[in-house]
Amino acid sequence: MKPDTQNETASNGHDRTARGNESLSSPARMDLVKQRNSSNRFTTFAVGVGLGALVALLFAPASGKKTRGYITRTAKQGLDDVASTSKRWSRRAQETVDEVKDNIVGVVEAGQKAYRTARDA
């Protein structure tokens with residue numbers, strides 16, 4: 001009777017892989033496991049995003065033209081909000097700089113006055 005060489009080959013391949021992993025140090029093995037987990041997570045995430053986009057397109061409540069218009073309006077509104085917020089923050093920052101500048105000028109003037117008073121006394 002002839003031995004089953006296919007099973008022996010598969011078994012030998014498995015043994016070689018196991019022995020190869022045994023030769024790796026523990027931190028190296030952990031890095032290998034982390035890389036595999038990261039790769040699996042990314043693949044799962046990418047597949048999930050693709051499926052989500054497909055489902056969204058299939059069950060979209062509006063036509064493509066309406067959806068594009070909605071996206072355009074929402075994007076413009078978002079940009080307008082960002083612009084107004086940045087202007088408001090810029091104004092607040094300038095007000096803060098002006099207040100600090102006024103405080104420093106007042107402190108410098110008070111210091112000069114105290115110096116003159118001490119010098120003249």
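Predicted model: local features only at pLDDT ≥ 70, side-chain atom pairs only at ≥ 80, totals over all residues.
Buried residues account for 0% of the 121 residues in the protein chain.

**Exercise 1.** State how many helices and strands the protein chain has, and give the order of its elements from the N terminus.

*Solution.* The protein chain contains three helices and zero strands. Read from the N terminus on, its elements follow the order α-α-α.

**Exercise 2.** Determine which residues gather in the patch of positive charge, and decide whether R92 counts as buried or exposed.

*Solution.* The patch of positive charge on the surface brings together K87, R88, R91 and R92. Of these, R92 is found in helix α3, which covers residues 64–120. Exposed means over 50% relative accessible area. R92 has 51% relative accessibility and therefore counts as exposed.

**Exercise 3.** Carry out the corresponding analysis for the patch of negative charge and for D102.

*Solution.* On the surface, E95, D98, E99 and D102 gather in a patch of negative charge. D102 lies in helix α3. Because its relative accessibility is 54%, D102 counts as exposed.

**Exercise 4.** Identify the salt bridge that R119 forms.

*Solution.* Side chains of opposite charge can pair when their charged atoms come close. The cut-off for a salt bridge is within 4 Å. The closest N and O atoms of R119 and D120 are 3.6 Å apart, and these residues form a salt bridge. The count comes to one salt bridge. R119 and D120 are both exposed.

Terms used
Residues numbered from 1 in each chain as written. Heavy atoms only, no water. Patch = residues over 30% accessible without salt bridge, like charges linked within 9 Å, V, L, I, M, F, W, Y side chains within 5 Å. Areas by Shrake-Rupley, 256 points an atom, 1.4 Å probe, with all protein chains shown as cover. Salt bridge = Lys/Arg side-chain N within 4 Å of Asp/Glu carboxyl O. Lys, Arg positive; Asp, Glu negative; His and termini not counted. Charge placed at Lys NZ, Arg CZ, Asp CG, Glu CD. Helix = DSSP H or I, 4+ residues; strand = E, 2+ residues; numbered from the N terminus. Buried < 20%, exposed > 50% of the residue type's maximum accessible area, 1.4 Å probe, protein only.
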